[in-house]
Structure formats: structure tokens, C-alpha cells
Amino acid sequence: MAKEVGQKVIASNRRARHDYTIIDTYEAGVALVGTEVKSLRAGKASLADSFATVDDGEVFLRGLHIPEYSHGTWTNHEPRRTRKLLLHRKEIEKLIGKTKESGLSLVPLSLYFKEGKVKVELALAKGRKAHDKRQAIAKRDAQREMARAIGRAAKGKYRR
């Protein structure tokens, strides 16, 4: 069988970028069982309500929903089981320090295949308040409007 190249996104957590201010991102492997991988290859997963925790020097992903494999038997997995994340020791120690000292959260942003392996993009994030969300939306709209104006000016169709 030919080896896969590139990246194929399985699921993304668009809500996380809205609810949190992303400070830093990490890429981690996910320890899975066979039927979970088969279900992911079918493109089925949900990152809604999932989060990561650091327990006893290991990082775990909780709340990730991978539905049971449709052609599976009694060996099927539990859909919302806790899954271990695979990170380097130094990265784990850095995450332990950051989450304890400043009250930051570990939020999964996306789940994808990278060269045949399942990876999760994990973000060190700080929760946003409602007024912060409104400011972020206003800033994004202003950036979009500026880009449109620059595009119109470049085409010679500038309007005031």
C-alpha cells in the first residue's frame, strides 16, 4: 500500500477560535485503537466540547467523539473515551507550567491525518469574555473592509 503524503483534515473546532484567544499551538499524536482509525478514515469525528488535561505528567484528550465503526464487531471502541496524546517530555513540562501558573486551557483546534498518522493541533488558550468576542469580530470586519478597499484601489475602482 502506498504511503500517504500531505495533510487531510478530519475535523476542526471553529468555535475554539471564537471562544478563546490562542497563545501557542502544539502538534500531538493521538493513541488510538484500530476501529477508531477506520472511523476517522471515513471522516467521522467531532471536536465539540473536547479539551485536554495534564494528569500525572501525561496529556489526555477528553470529550473527543469518534463514532463506532459501522462494520466493527464486538471489538468496537467507546465513542467518547479518554485518549492519550503523544508529546515530547519538554513540551509536556512546558504545558504543565503554563496551565498551572496562569490559568490557561488546552483546547484542540483540529484533528487530521499527517503522513498516515492521526495528529491533533492543540492550543494553549485563554478564555474570552463576551466584550472581547465583539471586539475581535469588529477588528476582523475592519481588516476585511480595508483589504477590499485596497483591492478596489489597485483595480482603479476606488470609491469614497
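A: Let's begin with a term: a polar contact is a pair of N or O atoms within 3.5 Å; within protein, one must be able to donate a hydrogen and the other to accept it, and residues adjacent in sequence count only if both atoms are side-chain atoms. Between domain 1 and domain 2 the count is 0 residue pairs in polar contact (both at pLDDT 80 or more).

Keep in mind that this is a predicted model, where local features need pLDDT of at least 70, side-chain atom pairs count only at pLDDT 80 or more, and totals for chains, interfaces and linings use all residues. Residues are numbered from 1 along each chain as its sequence is written, and side-chain values use heavy atoms, with hydrogens and water left out.

So who's who? Domain 1 covers 5–127 and domain 2 covers 128–159, with bounds from an automatic or database domain assignment. Their C-alpha centres sit 32 Å apart. Where they touch (heavy atoms within 4.5 Å), domain 1 brings 7 residues and domain 2 brings 4.

Together they bury about 430 Å², 40% of it on carbon and sulfur atoms; that's the accessible area (1.4 Å probe) the two parts lose on being put together, summed over both. On the domain 1 side, His18, Asp19 and Gly127 lose the most area, together 74% of what that side buries.
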